[in-house]
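I opened the notebook to record what I looked up in this model, element by element. The entries below follow the order in which I went through them.

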Amino acid sequence: MSGIVLFMHTSLDGFAAGTKGEMDWIHVDQEIFDFGAERITKTNTALYGRVTFQMMESYWPTAAEQPGASKHDKEHAAWYKSAHKVVLSNTLDPATLTNTTVIGKDYAAAIRKLKEETTGEILLFGSPTTAHALLAENLIDECWLFVNPVLLGEGIPVFKGIQQKQSLKLLKTHVFSSGVVCLHHELLHENK
């Protein structure tokens, strides 16, 4: 059975985005791209909420062909093109999408089935609302949180609606030269 790994940037005070979805405070550079790519390229399944998926679709399919495309743009665009994409949405039309599965109602059962049928990890990129829903169903197995050295004060939280204590086991940490720290945790599902 496959596991779901949450990949998310966070402020030090626990927000995934500002109050209007702003993410201009997130620090990314080649060091962080290379670090993430090492993990990302080991899987072929990406999971998104609708908003994040539409943002990704607006950029990655043509990113490699743009003038001045960076090494990261070229590498991630190639991965994105070949990866199977799964999107939680009640409004997207799957007939208009390539290599993409849309899951609407009864998402918990569909995600459990996806985990059973998938070889390798399933990476959940950003998508805080989707992360909240999957955490409530004990469907996230690991978190890679990229903690940025910034305080937002308010915004969209990384974790929301936690009904009971959730224990985590720290597996690794990595400090980048920018001051961003990656915390890699396993979620311990005692109540599964």
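This is a predicted model: local features need pLDDT of at least 70, side-chain atom pairs count only at pLDDT 80 or more; totals for chains, interfaces and linings use all residues.

Residues are numbered from 1 along each chain as its sequence is written, and side-chain values use heavy atoms, with hydrogens and water left out.

Entry: L183. I found L183 in strand 10 (residues 181–188), where helices (H or I, at least four residues) and strands (E, at least two) are DSSP runs numbered from the N terminus. L183 counts as partly exposed, at 25% relative accessibility. Its contacts (heavy atoms within 4.5 Å), leaving aside neighbours within four places in sequence, are C143, W144, L145, V147, K172 and T173. I also noted that the C-alpha atoms of L183 and L170, 13 residues apart along the chain, are separated by 7.3 Å.

Entry: helix 5. In helix 5 (residues 107–117) I listed A108, I111, L114 and K115 as buried. They lie on the same side of helix 5, because they cover an arc of only 120° around the axis, the arc being that of the directions from the helix axis to the C-beta atoms. On the other side of helix 5, E116 and E117 are exposed. K115 has a relative accessible area of 2%, and its side chain makes a polar contact with the side chain of D141 at 2.8 Å; such a contact is a pair of N or O atoms within 3.5 Å, where within protein one must be able to donate a hydrogen and the other to accept it, and residues adjacent in sequence count only if both atoms are side-chain atoms.

Entry: helix 1. The buried residues of helix 1 (residues 30–40) are I32, G36, R39 and I40. Seen down the axis, they fall within an arc of 95°, so they line one face of helix 1. At its N-terminal end, D29 caps helix 1, with a side-chain oxygen 3.2 Å from the backbone nitrogen of E31.

Entry: cores. A nonpolar core is a set of buried Ala, Val, Leu, Ile, Met, Phe, Trp, Tyr and Cys residues joined through side-chain atoms within 4.5 Å. The largest one has 25 residues, and F7, W79 and F146 are among those with the most contacts inside it. Helix 4 supplies the largest share, 3 residues.

Terms used:
Buried means under 20% relative accessible area, exposed over 50%, partly exposed in between (1.4 Å probe, protein chains only).
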